[in-house]
Each structure stands twice: as C-alpha cells, then as structure tokens.
Amino acid sequence: MITVRVCATIDAPLDTVWASVEHIERHTEWMQDAVSIEFESEQRAGVGTAFSCLTRIGPLSTTDHFVVTAWEPPVMMGIEHLGAVKGDADFRLRALGHAHTEFCWEERLHFPWWMGGVAGEQIAKPVLARVWRGNVARLRRSIEGS
C-alpha cells in the first residue's frame, strides 16, 4: 500500500473552499486525471454517495468506483476506492485565520497484482503525487481567481 499526500494553502475562507470541493460532479474541472464522473446512487452528497470516475493518466485509463464514507462540512470528505485499485482517501480543510485555508488530499492505495502490485505502487507513487499536485494547484487557481 502507498500513501500520497498533497497540501496547499488557498487564499480563500474555509467555506469558500468547501463550496468548491463538495460538488463531486465538478471535480473533473480541476482534476486533470478525472475524465468523467457518473453517480451510481440517487444522492449526490454525503455519506453513501456512490459514483464512478473514468480516470486517465497518460495512455492508461480505468473506471474507478467510489463511495463517500465521511462527510463533515466544511472540513472533511472521505471516500473508499472500490474498483481495481482499493484504498481510501480524504480531503481535509483547515482554516488558517479568516481568509486562508489549508487543503490536504491524502490517498492510501493498494494495486492489484495485474497492475504490478507493490512494484506498480512504487512506480505510480511519484506520478500520482505530481498529477495531484497539479490538481490541487488548479483547484487553488480556480478558487482564488473567482
């Protein structure tokens, strides 16, 4: 299992940042690797929300399945990976005064044997970290620019 953690300070209040990340269907706007999201449940927010995401990094793509396991507005959203790649992830937000927010994205992932298992995880870790740093930078720019 690998852990990838990316954090950034966003020049916006906590509630503003949460308003940008709570809408799962809009994650494709700032996540370069998220091509499309389709809900698999009636609900669109909160614990129990299920969705799939066509994920592409370079020439590799897969459809990942997720369920929201934690929902604590405006400070935390947790998900469980239920597709080929297993694991869990969370977005954690922390107010830094009145006008700044720390946003951290952490994922703990386990690759199946046919994706290289432990070796595949080690190869993927720096690639995922780079992609997610870019994603968080896009999120920061989209919030700060609005």
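**Fold, aromatic pairs and main pocket of the predicted chain**

Among contacts (heavy atoms within 4.5 Å) in the protein chain between residues at least 6 apart in sequence, 48% join residues at least 24 apart. The structure is a predicted model, in which local features need pLDDT of at least 70, side-chain atom pairs count only at pLDDT 80 or more, and totals for chains, interfaces and linings use all residues. Residues are numbered from 1 along each chain as its sequence is written, and side-chain values use heavy atoms, with hydrogens and water left out.

The secondary structure consists of two helices and seven strands, taken as DSSP runs (H or I of at least four residues for helices, E of at least two for strands) and numbered from the N terminus. Along the sequence these elements follow the pattern β-α-β-β-β-β-β-β-α. The chain is as compact as a globular protein of its length, because its radius of gyration is 15 Å, close to the 15 Å that the globule rule gives for 146 residues. That radius is taken over C-alpha atoms, and the rule is 2.2 Å times the number of residues to the power 0.38. Along the principal axes, the C-alpha atoms fill a box of roughly 45 × 35 × 25 Å. Of the 146 residues, 47% count as buried, that is, under 20% relative accessible area with a 1.4 Å probe and protein chains only.

Turning to the aromatic side chains, rings of Phe, Tyr and Trp (its six-membered ring) pair if their centres lie within 6.5 Å. The count comes to nine aromatic pairs. One of them joins Trp-18 and Trp-71 edge-to-face (planes over 60 degrees apart), with 5.3 Å centre to centre and 70 degrees between the planes. This pair links distant parts of the chain, as Trp-18 sits in helix α1 (residues 14-21) and Trp-71 in strand β4, 53 residues apart. Both Trp-18 and Trp-71 are buried. Ring pairs also link Trp-30, Phe-91, Phe-103, Trp-105 and Trp-132 into a cluster.

The largest pocket comes next. A pocket is an open set of points on a 1 Å grid over the protein atoms alone, where a 1.4 Å probe fits, with protein on both sides within 12 Å along at least five of seven lines; lining residues have an atom within 4 Å of a point. The lining of the largest pocket comprises 35 residues, of which Asp-33, Thr-55, Ile-57, Asp-64 and Leu-128 lie nearest its centre. Among the elements giving two or more residues to this lining are β3 (50-57), β4 (60-72) and α2 (117-144). Helix α2 provides the largest share, six residues.

Methods:
Phe/Tyr/Trp six-rings, centres within 6.5 Å; stacked < 30°, edge-to-face > 60°. Buried < 20%, exposed > 50% of the residue type's maximum accessible area, 1.4 Å probe, protein only.
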